[in-house]
Amino acid sequence: MAEVKLDLFRRFGDLATDALASHREEIDALNVFPVPDSDTGTNLYLTIAAARDRLREFTGHDWREGLRAFSRGALLDARGNSGVILAEMIGALLRRLIQATEEERTATVFADALRSAGNAAYAAVGEPQEGTMLSVLRAAADAAEACVEIDETARTRDVMSVAASAARAALARTPEQLPALAAAGVVDAGGRGICVLLDAFETALTGRRPSPQTPMPSTPHIPIPIQTGMGAADGHALEPGGPAYEVMYLLDAEDAAIPVLRKRLQPLGDSLVVVGGEGIWNVHVHVDDVGAAIEAGINAGRPHRIHVTHFAEQIAGQAHRHATRAGRAVIAFAAGPGLAELFRGASAIVIEGGPHRRPTTSELLEAITASGATEVIVLPNDAPTRQSAEAAARTAEDDLDINVAVIPTRSQVQGLAAIAVHEPGRKFDKDVLEMTATARHARHGAVTISNTRAITMAGPCMPGDALGVLDGDFVKVGQDLEMCATYVLARLIGGGGELVTLVSGLEDPMGELAGAVAAWLAANHPAVDVMVYDGGQERYPLLMSVE
């Protein structure tokens with residue numbers, strides 16, 4: 001399985017997220033089944049972005065654990081009916097790759113993985129329908145299996161190319177299979193999303209960028225007339241007599257409890273999907289009786305992150321929020337409780353987390369939406385979070401016409417520097433410019449403790465060694481945190497500066513390290529002001545910045 005590398009799935013995650021972002025509005029406009037609520041593209045995009053985000057946070061070396069992280073990200077943050085089905089497809093596909101042996105032919109494993117994904121999705125849906133993302137993926141799996149059976153020399157890239165082509169052909173047939181699609185004159189929205197994802201995977205393998213609108217000669221053209229008047233978002237009624245609510249929740253439950261849960265939920269409504277395994281499940285159903293759907297989850301285990309959407313109110317609420325938005329908000333990612341209080345004290349909306357609990361694109365989008373502001377400034381304060389923030393910003397700008405700016409803060413102390421100069425009374429562009437300039441001029445460093453044996457830019461390190469960090473790079477290896485901290489600070493202040501900010505972490509609860517470094521600064525640079533805070537962040541006993 002030499003081709004199963006984390007780099008491949010990192011490329012796929014980035015390509016798939018970008019592709020769904022660019023096709024999101026098109027897919028939303030195709031959404032007439034099962035409920036014409038015009039959100040399939042958005043839900044697929046947010047689900048794959050969550051998987052991508054979780055893989056970015058993975059720092060281990062075992063590719064199998066990396067794939068599990070990718071799958072778990074999709075499962076825990078799946079959005080809507082289509083997102084939950086996609087999460088199950090991803091989970092089943094990756095489980096097959098993880099279980100593969102070295103003796104198995106890689107191309108055959110990928111073809112088998114597509115089949116596993118399709119079978120799992122059909123099994124997860126209460127009432128599977130042809131002409132949906134289910135049948136589009138099944139057609140891709142059929143073509144992939146035929147490819148490896150006919151050609152023993154077929155490579156993985158050949159298999160995925162054939163699968164992507166077959167999916168596009170199957171998508172073109174979806175109006176023949178679903179009357180709702182034929183009546184609207186569109187292809188299936190979820191199936192279109194599957195085509196986008198398969199094209200992204202082919203690009204990750206080959207570098208080629210196939211276009212569904214200009215397919216290969218052997219592939220029929222796909223009719224995709226985008227009729228925006230068909231969706232509920234344009235004021236048209238939802239399906240007459242259909243369930244009024246969408247209910248979603250995560251469920252901690254034994255696997256044995258799930259068949260009973262499905263039996264209890266089945267008669268309550270439609271669009272039932274229950275996916276997951278190993279004690280954690282994502283439940284989705286459309287119902288009229290919300291209480292009964294949640295009670296079924298309580299009987300099965302522990303439901304949490306419960307989300308209920310009233311379809312009619314969802315549309316009216318979007319219009320109301322757009323009409324009543326006003327003012328400016330700042331959203332900041334805080335890596336510790338003390339840092340969270342500092343950002344809140346500066347009137348920011350805070351998303352708390354840490355090195356292994358970074359906010360997803362979905363969480364950032366929800367924070368932007370819930371702010372009620374027409375202008376939003378996001379302080380990611382972390383490089384991976386910045387990418388998620390930019391994805392959320394694009395969605396908020398496209399969907400809600402919110403003006404969103406992401407300040408390129410790569411550290412918590414840069415975020416503190418930026419928010420210190422924030423002025424809501426300034427024009428938005430000027431406020432963003434001033435915050436960005438201040439963040440960029442805030443040179444930053446930190447100290448941490450090595451938990452592994454490694455080679456760094458400063459030389460080899462062993463577990464337990466103190467490490468000095470300057471602008472994200474290791475520049476000092478030593479036995480003493482204070483010595484590393486003063487070394488880093490000396491380099492930071494060597495370029496000049498008037499203010500030093502020190503933020504003590506969870507491993508310096510009494511602030512002794514911060515106090516010792518402040519004393520060193522007073523003795524060696526008495527003209528420089530110093531501010532000391534208790535940040536409570538993990539991994540880094542001390543954060544530093546110089547302005």
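The model is a predicted one, in which local features need pLDDT of at least 70 and side-chain atom pairs count only at pLDDT 80 or more, while totals for chains, interfaces and linings use all residues. Residues are numbered from 1 along each chain as its sequence is written, and side-chain values use heavy atoms, with hydrogens and water left out.

Let us begin with the whole chain. It has 19 helices and 16 strands; here helices (H or I, at least four residues) and strands (E, at least two) are DSSP runs, numbered from the N terminus. Of its 547 residues, 55% count as buried, where buried means under 20% relative accessible area, exposed means over 50%, and partly exposed lies in between (1.4 Å probe, protein chains only). Contact here means heavy atoms within 4.5 Å. Among contacts between residues at least 6 apart in sequence, 71% join residues at least 24 apart.

Now to a sheet. Strands of a sheet pair through backbone hydrogen bonds, either parallel or antiparallel. Two strands are called paired if DSSP finds at least two bridges between them. Strand S5 (residues 328-334) and strand S7 (residues 375-379) are joined in the parallel sense by five bridges, and Ile331 stands opposite Val378 in S7.

Two helices lie across strands of this sheet. In the loop between S7 and H15 you will find Asn381. Its phi is near 55°, a positive value in a residue other than glycine, and Asn381 counts as buried because its relative accessibility is 3%.

For antiparallel pairing, look at S12 and strand S13 (residues 473-478), which are joined by five bridges. Gly468 stands opposite Lys476 in S13. The two strands form a hairpin with two residues between them. With a relative accessible area of 34%, Asp471 is partly exposed.

Next come the spaces in the structure. On a 1 Å grid over the protein atoms alone, a cavity is a set of points where a 1.4 Å probe fits but cannot get out, and a pocket is an open set with protein on both sides within 12 Å along at least five of seven lines; lining residues have an atom within 4 Å of a point. Grid points are joined across faces, edges and corners, and a volume is the space filled by probe spheres set on the points. By this rule there are two cavities of 30 Å³ or more. The largest cavity holds about 280 Å³ of space. It is lined by 18 residues, of which Phe12, Ile90, Leu93, Leu114 and Leu198 lie nearest its centre. Helix H1 (6-30), helix H4 (80-99), helix H5 (106-124) and helix H9 (189-206) each supply at least two residues of that lining, and H4 gives the largest share, five residues.

The second largest pocket has about 1300 Å³ of space. Of the 39 residues that line this pocket, Arg358, Thr448, Phe474, Arg539 and Tyr540 are the closest to its centre. H15, helix H16 (412-420), strand S9 (443-449), strand S10 (454-456) and strand S12 (466-470) each supply at least two lining residues, with the largest share, five residues, coming from S9.

Finally, here are a few single residues. Thr174 sits in helix H7 (residues 156-177) and is buried, with a relative accessible area of 0%. Leaving aside neighbours within four places in sequence, Thr174 is in contact with Gly131, Thr132, Val136, Leu181, Val187 and Asp188. Lys5, in the segment before H1, is partly exposed at 48% relative accessibility.
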